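Opening the notebook on a new model today. I want to write down what I look up as I go, with the cut-offs beside each term.

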Amino acid sequence: MGWILLRLLFAALIIRLIWKFVAGAVSGATAPPPRGAKRGVALVRDPVCGTYVEPSRAIRTRAGGMTHYFCSKECQRSFVKTA
Ligand SMILES: [Zn+2]
């Protein structure tokens with residue numbers, strides 16, 4: 001009689017462990033990936049040095065109907081020189 005109760009308790013424990021594992025895996029899968037960029041901010045690439053910059057903070061230059069973004073004045077200058 002006693003061992004049936006023990007087995008039931010053991011089974012409940014196993015189910016609880018599996019449930020915890022599944023719930024943890026699901027919440028882990030739905031969590032946003034920890035990427036470097038801030039969420040909702042689309043970064044633009046500096047064509048000179050390849051650095052990704054926020055458009056609001058970047059130095060802009062319009063050339064050939066396109067807007068180019070730079071991380072610094074130096075990059076902007078060298079781009080204007082080479083273009
Ligand atoms: Zn740059």
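**Ground rules.** I am working on a predicted model, where local features need pLDDT of at least 70, side-chain atom pairs count only at pLDDT 80 or more, and totals for chains, interfaces and linings use all residues. Residues are numbered from 1 along each chain as its sequence is written, and side-chain values use heavy atoms, with hydrogens and water left out.

**Layout.** I looked up the secondary structure and got 2 helices and 4 strands in the chain. Read along the sequence, they come in the order α-β-β-β-β-α. For my own reference, these are DSSP runs numbered from the N terminus: helices are H or I with at least four residues, strands are E with at least two.

I then asked for burial, and buried residues are 17% of the 83 residues in the chain. The scale is relative accessible area: buried is under 20%, exposed is over 50%, and partly exposed is in between, with a 1.4 Å probe and protein chains only.

Next came contacts, meaning heavy atoms within 4.5 Å. Of the contacts in the chain with a separation of 6 or more, 19% are between residues 24 or more positions apart.

**Zinc site.** Which residues coordinate the zinc ion? I found Asp 46 (OD), Cys 49 (SG), Cys 71 (SG) and Cys 75 (SG), at 2.0 to 2.3 Å. Donors here are N, O and S atoms within 2.8 Å of the metal (3.2 Å for Na, K and Ca), and water is not among the atoms, so sites may look incomplete.

The spacing of the donors along the chain reads D-x2-C-x21-C-x3-C. Two of them sit in separate loops and link distant parts of the chain: Cys 49 between strand S1 (44-45) and strand S2 (52-53), Cys 71 between strand S4 (66-70) and helix H2 (73-82), 22 residues apart.

The arrangement is tetrahedral because the 4 donor atoms subtend angles of 97 to 117 degrees around the zinc ion. The rule I used: four donors are tetrahedral if all angles lie between 85 and 135 degrees; four are square planar and six octahedral if opposite donors are over 155 degrees apart and all others between 65 and 115; anything else is irregular.

I searched the whole structure for salt bridges and got 1. The criterion is a side-chain nitrogen of Lys or Arg within 4 Å of a carboxyl oxygen of Asp or Glu. The partners are Glu 54 and Arg 57, with the closest N and O atoms 3.9 Å apart. Glu 54 is buried at 18%, whereas Arg 57 is exposed at 63%.

Glu 54 lies in the loop between S2 and strand S3 (59-63), and I also placed Ala 58 in the loop between S2 and S3. Ala 58 is buried, with 12% relative accessible area. Leaving aside neighbours within four places in sequence, Ala 58 is in contact with Val 53, Tyr 69 and Phe 70.

Ala 58 is 5.5 Å away, 13 residues apart along the chain, and Glu 54 is 8.7 Å away, 17 residues apart.

**Thr 61.** This residue is in strand S3 and is buried at 14%. The side chain of Thr 61 makes a polar contact of 2.7 Å with the side chain of Gln 76. A polar contact is a pair of N or O atoms within 3.5 Å; within protein, one must be able to donate a hydrogen and the other to accept it, and residues adjacent in sequence count only if both atoms are side-chain atoms. Beyond four places in sequence, the contacts of Thr 61 include Met 66, His 68, Phe 70 and Val 80.

**Aromatics.** My search of the whole structure gave 1 aromatic pair. Phe 70 and Phe 79 form that pair, tilted, at 5.0 Å centre to centre and 50 degrees between the planes. Rings of Phe, Tyr and Trp (its six-membered ring) pair if their centres lie within 6.5 Å; planes under 30 degrees apart are stacked, over 60 edge-to-face, the rest tilted. Phe 70 is buried at 0%, and Phe 79 is buried at 15%.
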